[in-house]
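Here is a short briefing for a reader new to this structure.

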Amino acid sequence: MEKVVKTEAEKYELTDDSSYLFACAELKAREYEFLDKSKLDRMAAANNTDDFLKILSETVYAKKINLIDEENDMDIFILKSYKEIVDFLLERLEDRHRILVYLLFMEEYLHDFKLGLKSLILNSSLENLFILLTFSYDELISFLKKESIEITRENTGIFLKIINDMIALKKEFQSESEPDKERRINFRKTEIAFEKKYISLILEEVLKTGSKMLADYLRHWIDIQNIKNMNRMKFAGASLKDSDFLYPGGFIDFDFFKSIESESPDYWARALEKSAYGEIAIKGIHSLYSYESFFSFEKNESVFNIRFFDQIKYSVSNPEKIFAFFLRKKTELIVMNMIYMGIKYHAEKRNIEHKAEFLSES
């Protein structure tokens, strides 16, 4: 009998929060900033990066075009845009909702923390790879060099909680004395252990906000990462016996993944077909094994995430509405970067045009 996972679409009853009336009104007025399909299609059709930049100059991003060049591509442009989002959120969010910054930039913060851990263990500066959001590379390294961080009632920030977990893992790793090859394997295990602790801690903090919708968004994110990771491992021919690569906290429990791990990818697609992730799984698996590309997984994940917040379009003022605005904004920045890089490196036009679908289908 086939294993099938089902997840029902949730309806959320959101109450308006008067403390966010001004911020939401401000963002409502800024919705004109979002690029429409015609603009994205024109960008994707550009013959070269100069033509792309001419089209970009017609948008709200025109004032930052000088940050884009041949050497850095759109990296500085993207990082400055991310920092502007973070600064806006930190200025307007109540303390109890500041975890939304970490939720929005889950992967970027995870990248930075792992970078700091690796830098300390290797005793090598990796500052050039650091993404500056709310703390600097030097601040991160300085905290990581401590033996422990005291968590008190007055000092309970998410940053320090994460640092404490990292310090413990660092000590555990550094206590091992093994050949280089085994140390590299164990370092990857340390990274995975940290990823799990990090995601669990973010989920714990999001739950404290009382927003079921934002907690469910993260639980969906965890499910999708697990589906992608499982397919990544299978495609690479790696053993699926070890569930280390699965993150806890999603709607789909580990028993389901374990029950299908020995089956074919086609079986996986059928098993997930009636779940909330049917489109992601079916199209992603087909694309992976037909074209050796994870693009479909990434595209349909983005479409899923943006559509998830459709039902709050007509609410007035709440943190979910603020989060949804900047999720769309962040996705837009990622799409523009993909289009730019596709044009620069002469990717097939069909592939570049598909990048625009991250947003035009949502």
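The lining of the largest cavity has six nonpolar residues, one polar residue and no charged ones (Ala, Val, Leu, Ile, Met, Phe, Trp, Tyr, Cys and Pro count as nonpolar, Asp, Glu, Lys and Arg as charged, and the others, Gly among them, as polar). The model is predicted: local features need pLDDT of at least 70 and side-chain atom pairs pLDDT 80 or more, while totals for chains, interfaces and linings use all residues. Numbering runs from 1 along each chain as its sequence is written, and side-chain values use heavy atoms, without hydrogens and water.

**Cavity**
- The largest cavity has a volume of about 30 Å³.
- Its lining consists of I227, M230, N231, F257, I260, W268 and L272.
- Helix α10 gives the most to this lining, with three residues.

- The volume of the largest pocket is about 720 Å³.
- Of its 26 lining residues, Y82, E107, E108, K330 and I334 are the closest to the centre.
- With seven residues, α15 gives the most to the lining of the largest pocket.
- By class, this lining has 16 nonpolar, four polar and six charged residues.
- On a 1 Å grid over the protein atoms alone, a cavity is a set of points where a 1.4 Å probe fits but cannot get out, and a pocket is an open set with protein on both sides within 12 Å along at least five of seven lines; lining residues have an atom within 4 Å of a point.
- Grid points are joined across faces, edges and corners, and a volume is the space filled by probe spheres set on the points.

**Helix pair**
- T49, F52 and L56 in α3 meet M336, I339, Y340, I343 and K344 in α15 (contact means heavy atoms within 4.5 Å).
- The residues of this contact divide into six nonpolar, one polar and one charged.
- Helices are DSSP runs (H or I, at least four residues), numbered from the N terminus.

Technical notes
Helices (H or I, at least four residues) and strands (E, at least two) are DSSP runs, numbered from the N terminus.
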